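Hello,

Here is the structure I promised to pass on to you. Have a look at it first, and my notes on what turned up follow below.

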Amino acid sequence: MILGAAEVGYVEMMAETVTAGDPTYTGPLAGVSLGLPVYHVTEPEVRENADASVYQDQIGVSEIAMETEPIWTTVRTIRERTPGTP
Amino acid sequence: MDLHGKKVIAIGERDGVQATAIAAVARSAGAEVLLELNQCFV
Amino acid sequence: MSDPLASLPTIRGISCVLAHTPGLLRYGSKPTRELAKDPALIGNVQRHLRSFEDAVAYPENQVYIGNHAPEWLWDVPEPHWRHGDEGARAQGPAGVIVGEDAFWGLLRASDEFGLIDIERERLERSRALLAKTGLFSDGELERVVRPATASSSSEGAMSLHAADGTVVGRIANGYPGDSTQTADILLENFACKASGALALKHLLKQLDMAPGDVEYVLGCGEEAVGDRYQRGGGSISKAMAEMAGCAQATGSDVKAFCCAPVHALVMAGALVQSGIYRNVIVVGGGSLAKLGMKMAGHLAKDMPLLEDCLAAVAILVGPADGSGVRMRLDAVGRHTVGSGGSAGAIYEALVSQPLEKLGLKIADVDRYAVELHNPEITVPAGSGNVPRTNYRIIAALGVSRGEMKREDVDRFERAHGMPGFVPTQGHIPAALPYLAHALPRLRDGSMRRALFIAKGSLFLGKMTNMADGMSVLVDREG
């Protein structure tokens with residue numbers, strides 16, 4: 001699962017939704033635990049695997065706009081709680 | 001973490017990075033993109 | 001040789017109106033679904049509804065009708081809903097806030113088919129309140145108290161409730177057996193029509209313009225008016241024009257998700273510049289579906305349900321009027337099929353390309369109006385701060401083009417943007433409400449340029465995975 005959300009709160013909600021189930025207590029994934037490893041598209045694990053010019057074209061401006069540190073911290077914390085994450 | 005050969009679900013946000021952009025990046029890393037979903041919460 | 005810029009149209013005025021309808025909140029899309037799962041939730045919903053006075057005093061709503069500049073919100077202590085504006089008024093230079101007591105009458109007046117039935121005493125009260133606004137003729141006020149005809153079927157009728165839960169009337173289904181004309185869909189359309197007509201009436205009064213002088217109305221809302229053979233037939237614009245007494249007008253609707261207002265504004269400008277019409281009014285009615293959209297987050301945080309207002313806008317586009325304010329139709333920004341979906345590509349198309357045509361840089365625009373969703377509504381629900389996110393992208397684009405430094409990304413919102421102040425009513429926050437604040441500043445010369453940018457989430461309709469976007473610069477000559 002690779003997320004593109006721009007803000008920490010959003011990232012957290014999406015990451016929680018796809019790992020532990022919908023935290024807003026509603027929605028189709030409420031209570032359903034998918035347990036999938038989740039990454040943010042700006043994380044080094046994704047960026048370093050991608051083609052550099054594709055990454056720059058598609059993500060370049062977004063990366064400058066986003067506050068990546070808090071996003072990475074949030075996503076990593078949720079990911080490390082998910083069993084089966086490589 | 002190597003994305004090559006992995007299956008990916010891309011969940012984008014209209015004001016963040018959209019799913020088509022995530023998918024392009026994932027494919028450039030050799031991943032197979034199963035699903036592209038865009039979210040808009042307003 | 002004549003100056004090609006001399007024929008650019010101008011924006012003559014804008015009205016931004018709110019109808020505070022807490023009793024209708026239960027019929028928003030999210031509340032409807034949540035209450036279907038758990039009917040007992042209505043108690044908690046009702047405990048969190050705001051009074052009319054609180055809705056009027058709410059700082060963002062005072063900004064919306066023009067009583068304060070958007071920048072004033074930076075200094076209002078948070079949460080804003082606890083710090084109502086003490087000098088708040090229900091009228092402002094750019095608009096008006098009406099309560100549900102008045103709105104029942106507008107709903108009744110908007111219905112020619114006898115589908116909406118409201119208690120007589122409520123309608124009399126509505127008539128008195130609407131008469132005080134000074135916006136309606138005696139004939140129009142008579143329509144407020146006209147009873148629904150007996151022919152309305154009670155099949156599938158939905159009760160209409162005041163904020164305290166008291167039943168005030170009901171709305172029936174449209175054509176029997178037509179699933180595209182059920183009471184809930186019709187209510188959504190009547191709410192849009194009534195609020196849009198209110199904005200139209202307010203605009204005409206504000207500009208001292210005779211309804212008969214209006215030639216064309218362009219709708220820009222996201223409602224769908226029709227029946228089973230033509231679900232999205234449209235022309236709610238012409239219905240609004242009729243309700244507002246514009247006997248010389250016809251209209252049509254621009255459908256482009258929440259990008260529609262800017263598409264419509266550009267089309268209105270083109271119709272005027274070409275000389276086809278002397279004036280065009282763009283109208284966006286309110287969205288019943290979006291009432292209470294973020295209620296889960298608000299209830300979880302014991303906040304009032306802030307999405308309790310239908311918001312509508314009406315904008316008059318006309319030929320140059322000596323004010324010097326111009327719609328720069330020579331540099332419209334458009335996101336095309338081939339533009340690409342990255343934030344960089346989108347904003348290249350909407351910001352850099354049009355500015356380049358005019359020989360301008362990002363910092364040459366005084367204010368950017370993006371999607372001005374009130375963050376006090378969206379942030380507690382985990383949906384982020386939409387204007388802030390968009391301002392950061394514009395600044396990031398500037399950085400990538402070498403026009404700005406990284407440090408400028410954090411500052412851009414204050415330097416060239418504004419806090420969001422518009423209710424989350426879909427197409428309504430899409431940039432144009434800022435015209436209420438931009439026009440006076442452009443006219444008095446304290447502002448030179450404002451760029452209005454909207455985006456649309458076309459992917460929600462499942463016909464495409466694309467988004468859409470359009471921008472138009474409004475500037476002052478000289």
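Before the notes, one term: two residues are in contact if their C-beta atoms, placed from the backbone, lie within 7 Å. Please also keep in mind that this is a predicted model.

Let me start with where chains A and B meet. On that definition, 20 residues of chain A and 21 residues of chain B take part in the contact. On the chain B side, strand S1 (7-13) and helix H1 (19-28) each supply at least two residues. H1(B) gives the largest share of that side, with seven residues. Sorted by class, the side of chain B that touches chain A holds 14 nonpolar residues, along with four polar and three charged ones.

Where do the chains join within it? Strand S1 (residues 2-3) of chain A pairs with S1(B) in the parallel sense, over two bridges, and A:Leu3 stands opposite B:Ile11. Within chain A, S1(A) and S2(A) run parallel and are joined by two bridges; here A:Ile2 stands opposite A:Tyr39.

A few words on chain A as a whole. It has four helices and two strands, which follow the pattern β-α-β-α-α-α along the sequence. Of its 86 residues, 41% count as buried. Among contacts in chain A between residues at least 6 apart in sequence, 56% join residues at least 24 apart.

Chain C has a sheet too, an open one of seven strands with mixed pairing, in the order S2-S3-S1-S10-S9-S7-S8. Its edges are strand S2 (91-92) and strand S8 (250-253), each with a single partner strand, so one side of each is left without a neighbour in the sheet. In this sheet, strand S1 (residues 10-20) and strand S10 (residues 309-318) of chain C run antiparallel and are joined by 10 bridges. One pair to look for when you open the model is C:Ser15 with its bridge partner C:Ala314 in S10(C).

Best wishes

Definitions and conventions
Residues are numbered from 1 along each chain as its sequence is written. Chains are lettered from A and ligands numbered from 1 in the order in which they are written. This is a predicted model: local features need pLDDT of at least 70, side-chain atom pairs count only at pLDDT 80 or more; totals for chains, interfaces and linings use all residues. Ala, Val, Leu, Ile, Met, Phe, Trp, Tyr, Cys and Pro count as nonpolar, Asp, Glu, Lys and Arg as charged, and the others, Gly among them, as polar. Two strands pair if DSSP finds at least two bridges between them. A residue is buried if 20 or more other C-beta atoms lie within 10 Å of its own, exposed if 12 or fewer, and partly exposed in between; C-beta atoms are placed from the backbone.
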